[in-house]
Amino acid sequence: MATNPSPKPRYLNLTAISAKNGASTIECWRLASPFKTASDAGVSGASLAQLGKTGSTSYTLIPARFDGGLHNAPTVQYVAFLSGTAVVSVPGSRQAATIKGGRDGLIIAADTADVSKQGHDTKYPSGEQTIAIQIPTEDGKVPAHTVLYAGPCRKEDSP
């Protein structure tokens with residue numbers, strides 16, 4: 001009797017603002033832990049990706065057409081854009097990532113001052129307020145991951 005092969009594990013891919021050789025870069029990362037089946041009440045049976053231990057989380061209201069300027073990530077942190085649009089670029093490169101709030105709005109910012117000299121530039125060009133949740137990793141640790149490719153993740157790489 002033939003057995004069904006195990007389903008291929010799914011992983012969370014997200015756009016990362018990282019750094020190499022002292023300069024910020026934009027990459028598509030695959031987090032190391034695969035999705036699991038949730039067993040918690042209310043989501044039992046749903047797919048769940050663990051982000052690891054996190055620190056003090058903040059909820060930020062960013063005005064329409066706001067210019068966040070050139071800056072480093074204050075700590076390694078996930079940023080979940082719930083609404084609006086963010087455009088992230090890095091100095092000396094044509095790399096840019098446009099992040100729309102909602103389903104594909106989760107990124108990780110890891111270009112802290114100790115690894116990137118200049119950081120990245122963030123602009124919020126939409127005519128609506130952008131809402132972001134910043135979720136620092138515990139002790140500023142970069143989560144285990146694989147770099148899939150240079151540049152932001154593509155829609156087809158979403159879970």
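**Figure 1. K123 in its salt bridge with D121.** K123 is partly exposed, with a relative accessible area of 37%; buried means under 20% relative accessible area, exposed over 50%, and partly exposed in between (1.4 Å probe, protein chains only). The side chain of K123 meets that of D121 in a salt bridge, 2.9 Å from N to O. A salt bridge here is a side-chain nitrogen of Lys or Arg within 4 Å of a carboxyl oxygen of Asp or Glu. D121 is buried, at 15% relative accessible area. Salt bridges with shared partners join D67, D121 and K123 into one network.

The model is predicted: local features need pLDDT of at least 70, side-chain atom pairs count only at pLDDT 80 or more, and totals for chains, interfaces and linings use all residues. Residues are numbered from 1 along each chain as its sequence is written, and side-chain values use heavy atoms, with hydrogens and water left out.

**Figure 2. The salt bridge between K155 and D104.** The closest N and O atoms of this pair are 2.8 Å apart. K155 lies in the segment after β13 (145-150) and D104 in the loop between β9 (96-100) and β10 (106-109), so the pair ties together parts that are 51 residues apart in sequence. Strands (E, at least two residues) are DSSP runs, numbered from the N terminus. K155 is exposed, at 63% relative accessibility, whereas D104 is partly exposed, at 31%.

**Figure 3. The salt bridge between K20 and E27.** Here the closest N and O atoms are 3.0 Å apart. E27 counts as buried, with 4% relative accessibility. A search of the whole structure finds 5 salt bridges, among them K20 with E27.

Methods: Helices (H or I, at least four residues) and strands (E, at least two) are DSSP runs, numbered from the N terminus.
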